[in-house]
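Me: Hi! Could you walk me through this one with me?

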Amino acid sequence: MLAAKCGIDAAELLHIAICRAAKPGAARPDIDLVPYLTMLMRSIVSGIAKARRRAAEYGVAVPLQYVSEQVPSCRSILDPVREIQRDQERNYFESLLGELHGGDPLMVKLVDAIGMNMRGTRIEKELELDTTELASLRRRLKRNAFKLAAREGLQFL
């Protein structure tokens, strides 16, 4: 009877209720199982009914991600959109990196080394610099980064 109210299969409704009841901390061990499952099924049916009323009132309220996963034709439409967004973000950050090192080959190598998680003496060896030169290069990189962040409205964590 409950399943008919929300238009889903009774076995599916029972399965959902059992899955919720089986979650750790969902119910006390001394509670009677049948009334508890009944209460869960009523809650599930109520939630489905509310969602349907909201959908009818405000239009379909289904997350776009869910639709794209369920409907193959949507995937082909959404994937290029995501790809375009990724390309735009990639281009933006590449341009920021280009401004950060300013085309200086030594600065490019420093940015790459930092990006590869190199530190201290390993960077000195890789760039063939002494400690003082590396410290100077890092200070210049830091100044460039702060100027760039201020201009772009970015914040360092």
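**Helix 6 and beyond**

Reply: Happy to. On the side of helix 6 opposite its buried face sit the exposed residues Pro105 and Gly115; exposed means over 50% relative accessible area, buried under 20%, and partly exposed in between (1.4 Å probe, protein chains only). Helices here are DSSP runs of H or I with at least four residues, numbered from the N terminus. This is a predicted model, where local features need pLDDT of at least 70 and side-chain atom pairs count only at pLDDT 80 or more, while totals for chains, interfaces and linings use all residues. Residues are numbered from 1 along each chain as its sequence is written, and side-chain values use heavy atoms, with hydrogens and water left out.

Me: Which residues are buried in helix 6?

Reply: Met107, Leu110, Val111 and Ala113. Those buried residues fall within an arc of 160° seen down the axis of helix 6, so they line one face of the helix. The arc is taken from the directions from the helix axis to the C-beta atoms.

Me: And what happens at the start of helix 6?

Reply: A side-chain oxygen of aspartate 104 comes to within 3.1 Å of the backbone nitrogen of leucine 106. That is a polar contact, meaning a pair of N or O atoms within 3.5 Å; within protein, one must be able to donate a hydrogen and the other to accept it, and residues adjacent in sequence count only if both atoms are side-chain atoms. After helix 6 comes asparagine 117, with a positive phi near 65°.

Me: Switching to helix 8, what caps its N-terminal end?

Reply: Aspartate 130 does, with a side-chain oxygen 3.2 Å from the backbone nitrogen of threonine 132. Following helix 8 is glycine 153, whose phi is positive, near 75°.

Me: How far apart are the end C-alpha atoms of helix 8?

Reply: They are 31 Å apart, which agrees with the 32 Å that its 22 residues (131-152) should span at 1.5 Å a residue. The expected span is 1.5 Å times one less than the number of residues.

Me: Which residues of helix 8 are buried?

Reply: Leu134, Leu137, Leu141, Ala145, Leu148 and Ala149. They cover an arc of only 110° around the axis, which puts them on the same side of helix 8. The face turned away from that buried side carries the exposed residues Thr132, Lys142, Lys147, Ala150 and Arg151.

Me: What about phenylalanine 146, how accessible is it?

Reply: Phenylalanine 146, in helix 8, is partly exposed, with a relative accessible area of 45%. Its C-alpha atom is 9.5 Å from that of leucine 100, 46 residues away along the chain.

Me: Now the core. Which residues touch the most other members of the largest one?

Reply: Of its 15 residues, Leu100, Leu110, Ile123, Leu127, Leu137 and Leu141 do. A nonpolar core is a set of buried Ala, Val, Leu, Ile, Met, Phe, Trp, Tyr and Cys residues joined through side-chain atoms within 4.5 Å. Helix 5 (72-101), helix 6 (105-115), helix 7 (120-127) and helix 8 each give two or more residues to this core, and helix 8 gives the most, with five.

Me: What does leucine 141 contact?

Reply: Leaving aside neighbours within four places in sequence, leucine 141 is in contact (heavy atoms within 4.5 Å) with Leu100, Met107, Leu110, Val111 and Ile114. There is also a second, separate core of eleven residues, which includes Ala3, Leu13, Ala21 and Val45.

Me: Is alanine 3 buried or exposed?

Reply: Buried, at 8% relative accessibility. Alanine 3 belongs to helix 1 (residues 2-6).
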